Amino acid sequence: MRQYFAQVSDPHLSSLAAVRARDLLNKRALGYLSWRRKRRFEHRPEVLAALARDLADRELEQLLVTGDLTHIGLPDEFEQARQWLHALGDPAAVALVPGNHDACVAAPWQDTFALWQDYMASDGARSTSGVAADFPSLRVRGEIAFIGLSTGCPTPPLMATGTLGEQQLSRLPALLRDASERGLFRVVYLHHCPLVGKEKWRKRLTDAAQIQALLEEYGAELVLHGHGHRAHFNELQTRHGTVPVIAVPSASALGLHGADVAQYNRYEVARREGSWELRIDARRYQPETGDFGEAGSRTLLLHRNQLNS
Ligand SMILES: [Fe+2]
Ligand SMILES: [Fe+2]
C-alpha cells in the first residue's frame, strides 16, 4: 500500500488593501507596516495560483497546512483564508494548524479560528470551545496518523515565538503511543520548529525542550514544520529510531529579502519489512515558467522495531 500526502506552509495569503485604521491598534499596526513595505511584494497570489494547479495534479490522502495563512490575524483575513482552504479541498482532506501570525493578538474565536474549525478538527470531532480544545488533533488515513499541534499564541511586539502549553504536552504521549501500538506511520505537524536551538530566540518555540523530550521518548516517524520561510532537513534520534524533522519555505514566496522561493514537499509512504520507506519530493516555484516543478527528491528507510512483530 502506497500513500501520498503533502505539506504547504506560511502562505500569508491575505490582502490588507482594504484594512481600516481602527483595526490597527496594538501589535497589528507594526504588522500592517511590514505588509505595506515588504510582505505584499514577497507573498504573491500568482504563486498560490500555481501551487493550486500543481496540487490538483496529485493524489493526496491529506494536505497539511502548517500555519501563517494571514498577516495580522484580522477577521477579514480569516475569511479570505477560509475561501482559499475551501478551494484547496474538502476539510476531510485538508488539515490545518495555526501559526503565530494567525494568533497575532487575542481575538474573538467566533470571528477568527471558528471559520477554520473544520480544517483543524480531528476525525469525527466538532469542538465549539476554542483552539486549545482542538489540539492535538488526530486524523487517521490508511496506515498514517496525522497529529496536529497548535503553537500560535499572542506575543509582544517584534516577537514571533510559539508555545504548545501544558494541555497539549500532556495529551501528546498517549496519542503517540496509541498510534505506535496500532502500527501507524506517525506524522507530527506544527508551525514552529520543535528542536532546541535551531531557531532564532525571538522566533523560537518556548517549550521546544519539552516537545523534543516527548518525541525522543515516544517517537514519531516524521515531524513537519514551517515558520522560518526556509527549507530545512534535520534528524532527531529517539529511542524508537531516527525521525526526520523537515521544514518547507513559504508557499507563496518570490524569495525576496533572502528568503527561499516558494516550495512544498510531497511524501510517499510504504511499509517494508521492519521499516517504513519514505520518499520526499520537493516542488519549487519556477519564476521563468510560472509553475511549480521538481526540486529534488530523496528516499529514506526508517527502521522501526514494532513493525517486526
Ligand atoms: Fe510565516
Ligand atoms: Fe510564523
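Author: Strands here are DSSP E runs of at least two residues, helices are H or I runs of at least four, and both are numbered from the N terminus; two strands pair if DSSP finds at least two bridges between them. V65 has L96 of β3 as its bridge partner. This is a predicted model, where local features need pLDDT of at least 70, side-chain atom pairs count only at pLDDT 80 or more, and totals for chains, interfaces and linings use all residues. Residues are numbered from 1 along each chain as its sequence is written, while chains are lettered from A and ligands numbered from 1 in the order in which they are written.

Reader: In what order do the strands of the open sheet lie?

Author: The order is β3-β2-β1-β10-β11-β12, with mixed pairing. At the edges, β3 (94-96) and β12 (291-303) each pair on one side only.

Reader: What is the length check on α3?

Author: Expected span is 1.5 Å times one less than the number of residues. For the 14 residues of α3 (residues 75-88) that should be 20 Å, and the end C-alpha atoms are 20 Å apart, which agrees.

Reader: Which residues of α3 are buried, and which are exposed on the face turned away?

Author: Count C-beta atoms, placed from the backbone, within 10 Å of the residue's own: 20 or more others means buried, 12 or fewer exposed, in between partly exposed. E77, F78, A81, L85 and L88 are buried.
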